[in-house]
Amino acid sequence: MTRPAAASADTGSLVDRVLARDRTAVARAISLIERGDAGAGELLRGLRRNLGRAHRIGITGPPGVGKSSLVSALGAMIVGQGKSIGVLAIDPSSQFTHGAVLGDRVRMAELDRAGEIFIRSMATRGQSGGLGPRTDAAADVLDAAGYEWLFIESVGVGQVELDIRNLVDTTLVALVPESGDQVQAIKAGLMEIADVYVVNKCDRPGAGAMVAAVQSSVALQHHPDPAWLPRVMGAAVINNEGIAEILTELERHRQHLSTAGRLLQGRRLGMTARLRKRMEQQLAARLRDGGAGPELEPAVDRILAGEESLEQVSERCLSEWMEKLTGGTPRGSKT
Ligand SMILES: Nc1nc2c(ncn2[C@@H]2O[C@H](COP(=O)(O)OP(=O)(O)OP(=O)(O)O)[C@@H](O)[C@H]2O)c(=O)[nH]1
Ligand SMILES: [Mg+2]
């Protein structure tokens, strides 16, 4: 489909402004993506050569463990070092700044005004519970805009939550002293494998025991990178305790990735998973739009009449539909 020239020129200037880290443009670009606006594809094509500079960190963990507070505290420290940070909070159950500890909230507002930090909350979770293509795209906007650190906060409830790993270089899982279920989940291999574990709210009783329990569970995990042994860090974000150590650990992981081609290798694996997922989603959308309409009715009749099984009919309908998609070229035929 050809797009009106005016819209293209518009997107072109938006690309330039995002690359120049114009905050209004960054916000507008993410809004285009959130709305699934027609200009989003063109925008992303315009940004594609400027990706990969940010250190992407995924922060996940059960609701209310202090993920946003931690990001606020880390953000303040990073900006204090003269670096910039972009933050995406995916489906936050609480407003980002509401969760942040008061001191950080004030600091964050100041940093926000200074332009070195950009925070955006997004509701993008699909029915499947995955992070979805819009999270990928919004992260790319922040990366292209040149934010040096990129944090993606997403609630993980102890279930397999693998998609965040595919989007980031470093995964941090945050827990609290009461996270017994999560420790079980780590032991059972149900929990996402992290590069850094944080037990927050160490101002509460049971913190030391929880750090030890997570440590022994993590020792049972097989980290995808055998050369990396994840550490379990205690923190009390509310008292600003443990933040510097966590930042150092994140930097240590980045340093580790920068040797032996690990960063590119990890990004390649993540991109492969993202591409597969995107294809699955597009295939499902095309099937919904054009492949599973009223023409299925006779097939349904055959199943209901016991003439063919559901599996048989599904296989056949899918083959027929794919042949139609590829212009009627039967599978296996030479062209
Ligand atoms: N006691 C204690 N409370 C904390 C600490 N860190 C954060 N909190 C509080 O925990 C609550 C939740 O903090 P958030 O940062 O919003 O947690 P979150 O994980 O981002 O929450 P969701 O995004 O809603 O899942 C807030 O009331 C924080 O003030 C801590 O170290 N100790
Ligand atoms: Mg939060």
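**Working through a predicted model**

At 9% relative accessibility, Glu153 counts as buried (under 20% relative accessible area is buried, over 50% exposed, in between partly exposed, with a 1.4 Å probe and protein chains only). This is a predicted model, where local features need pLDDT of at least 70 and side-chain atom pairs pLDDT 80 or more, while totals for chains, interfaces and linings use all residues. Residues are numbered from 1 along each chain as written, chains are lettered from A and ligands numbered from 1 in written order, and side-chain values use heavy atoms, without hydrogens or water.

**Exercise 1.** Find which residues coordinate the magnesium ion (ligand 2).

*Solution.* Start with the donors: Ser68 (OG) and Glu153 (OE) sit at 2.1 to 2.2 Å from the ion (donors are N, O and S atoms within 2.8 Å of the metal, or 3.2 Å for Na, K and Ca; water isn't among the atoms, so sites may look incomplete).

**Exercise 2.** Work out where Lys277 is found, and whether Lys277 counts as buried, partly exposed or exposed.

*Solution.* First, look in helix α12, residues 262-291: Lys277 is there. Then check accessibility: at 27%, Lys277 is partly exposed. Last, look across to Pro133: its C-alpha lies 8.8 Å from that of Lys277, though the two are 144 residues apart in sequence.

Definitions and conventions. Helix = DSSP H or I, 4+ residues; strand = E, 2+ residues; numbered from the N terminus.
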